[in-house]
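User: I would like a close look at a single part of this protein. Please keep it brisk and connected.

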Amino acid sequence: MKLFIKKDCDFCNQIAKEGIKLEVIDVDDNYEGLIPQQVPVLQFTNGSQIVEPQFINTMFDEIRRQK
């Protein structure tokens, strides 16, 4: 999973990513790839995406409960 964020994004700062194995990509830090139209975006290896911070946090909570 990849999580695309920006430093100055209030919604990005609400994501509780502790304990989750993922690649965090700050699109402000010299990122040269395709930048999503909005952040935060959680992208899966199959190309699926979740763009709502509440849904991202819910998914991360479920992953943490499974451990």
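This is a predicted model: local features need pLDDT of at least 70, side-chain atom pairs count only at pLDDT 80 or more; totals for chains, interfaces and linings use all residues.

Is Phe 4 buried or exposed, and what is its relative accessible area?

Analyst: Phe 4 is buried, with a relative accessible area of 5%.

Start with its ring. Phe 4 and Tyr 31 form an aromatic pair. A search of the whole structure finds 1 such pair. The geometry is edge-to-face, with 6.0 Å centre to centre and 70° between the planes. Angles over 60 degrees count as edge-to-face. The pair links distant parts of the chain. Phe 4 sits in strand 1 (residues 2–5), while Tyr 31 is in the loop between strand 2 (23–26) and strand 3 (41–43). The two are 27 residues apart. Tyr 31 is partly exposed, at a relative accessible area of 26%.

Next, the core. The largest nonpolar core has 16 residues. Phe 4 is among those that touch the most other members, along with Leu 3, Leu 22, Leu 42, Ile 56 and Phe 60. Strand 1, strand 3 and helix 1 each give two or more residues to this core. The largest share, 3 residues, comes from strand 1. In general, nonpolar side chains tend to be buried together in soluble globular proteins.

Now the helix. Helix 1 has 14 residues. From first C-alpha to last, helix 1 reaches 20 Å, close to the 20 Å expected. Its buried residues include Pro 53, Ile 56, Asn 57 and Phe 60. These cover an arc of only 95° around the axis, so they lie on the same side of helix 1. On the other side, Phe 55, Arg 65 and Gln 66 are exposed. The cover over the buried residues includes strand 1, strand 3 and strand 4 (49–50).

Leaving aside neighbours within four places in sequence, Ile 56 is in contact with Leu 3, Ile 15, Pro 40, Val 41, Leu 42 and Ile 50. Asn 57 lies in helix 1 (residues 53–66). Asn 57 counts as buried because its relative accessibility is 16%. A polar atom of the Asn 57 side chain lies 2.8 Å from the backbone nitrogen of Ala 16.

Technical notes. Residues are numbered from 1 along each chain as its sequence is written. Side-chain values use heavy atoms; hydrogens and water are left out. Rings of Phe, Tyr and Trp (its six-membered ring) pair if their centres lie within 6.5 Å; planes under 30 degrees apart count as stacked, over 60 as edge-to-face and the rest as tilted. Helices (H or I, at least four residues) and strands (E, at least two) are DSSP runs, numbered from the N terminus. Buried means under 20% relative accessible area, exposed over 50%, partly exposed in between (1.4 Å probe, protein chains only). A polar contact is a pair of N or O atoms within 3.5 Å; within protein, one must be able to donate a hydrogen and the other to accept it, and residues adjacent in sequence count only if both atoms are side-chain atoms. The expected span of a helix is 1.5 Å times one less than its number of residues. The arc is that of the directions from the helix axis to the C-beta atoms. Contact means heavy atoms within 4.5 Å. A nonpolar core is a set of buried Ala, Val, Leu, Ile, Met, Phe, Trp, Tyr and Cys residues joined through side-chain atoms within 4.5 Å.
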